[in-house]
Amino acid sequence: MSSANSATALAVASLPWRCPSFFFSPSPFSLLQTPLSCRKFLCLSLSRLVSSRSHLIAGAAPVTALSSGTEKKRVLIINTNSGGHAVIGFYFARELLGAGHDVTILTVGDEGSDKMKKPPFTRFSELVSAGGRTVWGSPADVGKVVGSAAFDVVLDNNGKDLDAVKPVADWAKSSGVEQFLFISSAGIYKTTEEIPHVEGDPVKDDAGHAAVERYIADLSFGSWAIFRPQYMIGSGNNKDCEEWFFDRIVRGRPVPIPESGMQLTNISHVRDLSSMLSLAVADPIASSQKIFNCVSDRAVTFNGLVKLCAQAAGLEAKIIHYDPKSVGVDAKKAFPFRNMHFYAEPRAAKERLGWTSTTNLPEDLKERFDEYVSIGRDKKQIQFDIDDKILESLKVAVAV
């Protein structure tokens, strides 16, 4: 055995990673008897692992421009055309392009639709300027949309059930895609008395995302990983979360919060979600066959969120608590977050990928408030019908 092969084998044997399906033994010597293509894949991934760890130890950003010894990946992102998850695909594409990878982002629907007039789609020119390719169409026809283009990595950031994801996953498998990533949801965890949710906790078997996760695992990609996000914040997000609070605070209205307001939730800046995904692409061995809670590592209460939003706006906020049943409203319609403790922790990403969170909610909310004002939403006419019903039931006056 050559000294180089011996060093590689011993290094591999000492690492706490999980072998892909094509490696049948953890022994460093039997490993060297595997096909040459497998050994090349392993050595490349090992060099990436060592490189990424050294970057983290030095305090540098985990994703940087490609070095001369790093493999350039061809990445396809299937991106939803609505909801909060759309911004994940945008940030992920931008980060990959900045690192020197080839990126195509396929957005559901038509380029000329009204949905494309909102962020993050209005910022897709940034991706094109960075060398990315943007296309539109149906994920069910992904093969036709991308034509003869070949990809090493596919991220499905669109489907919520098997009907939507199966065509993409099947095409990826038949096309020889090496790594398949899926954006699931932390909402599939069963309610528990013990928080936070961690990877491995029981999930709702009948959830659409759960069926997709099982199907992807059964396809036996060379590398696959599942990411479960919660609520997110960041420039380009078009789903109302923090804006709901700003709408009331800037107009001097009471902010109605269900129950005690001490419910815990998790809000992550989308750059954290993107960096976690990018680390998985950089290290397909460490991320393979793993589920990652794609969240920041701190929780916030509803009351705390109101106060932080008011702080970002430089204003005072008046919190009013209410019992949804007593006042006769549906909490799902009256409030933008789940009326319960809903808090996951990113243990797997820290342990397997060396990932760290950069979310700073007070500062991130200031960024969002500046955008809120820049688009004129603070002057927009907004209806508060449900709020008014709550406040009237509580006999709380609202200044006109």
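Trainee: Why does Glu243 count as buried?

Mentor: Buried means under 20% relative accessible area, exposed over 50%, and partly exposed in between, with a 1.4 Å probe and protein chains only. Glu243 counts as buried because its relative accessibility is 8%. This is a predicted model: local features need pLDDT of at least 70, side-chain atom pairs count only at pLDDT 80 or more, and totals for chains, interfaces and linings use all residues. Residues are numbered from 1 along each chain as its sequence is written, and side-chain values use heavy atoms, without hydrogens and water.

Trainee: Which helix holds Glu243?

Mentor: Helices are DSSP runs (H or I, at least four residues), numbered from the N terminus. Glu243 sits in helix H9, residues 242–249.

Trainee: Which residues does Glu243 touch?

Mentor: Contact means heavy atoms within 4.5 Å. Not counting residues up to four places away in sequence, Glu243 touches Asn237, Arg368, Tyr372 and Arg377. Take Arg368, in helix H16. Arg368 counts as buried because its relative accessibility is 4%. Beyond four places in sequence, its contacts include Asn237, Glu242, Glu243 and Phe246.

Trainee: Which residues lie nearest the centre of the second largest pocket?

Mentor: A pocket is an open set of points on a 1 Å grid over the protein atoms alone, where a 1.4 Å probe fits, with protein on both sides within 12 Å along at least five of seven lines; lining residues have an atom within 4 Å of a point. Here Pro119, Asn237, Glu243, Ile375 and Arg377 lie nearest the centre, in a lining of 16 residues. Helix H16 (residues 361–374) gives the largest share of that lining, four residues.

Trainee: How does that lining divide by class?

Mentor: Asp, Glu, Lys and Arg count as charged; Ala, Val, Leu, Ile, Met, Phe, Trp, Tyr, Cys and Pro as nonpolar; the others, Gly among them, as polar. The lining has three nonpolar, five polar and eight charged residues. For the largest pocket, the lining has ten nonpolar, 13 polar and four charged residues.

Trainee: Where does pLDDT stay under 50?

Mentor: pLDDT is the predictor's confidence in each residue, from 0 to 100. It stays under 50 over residues 1–64. Where pLDDT is low, the predicted coordinates should not be read in detail. The protein's mean pLDDT is 87, and 82% of its residues reach 70 or more.

Notes: Helix = DSSP H or I, 4+ residues; strand = E, 2+ residues; numbered from the N terminus.
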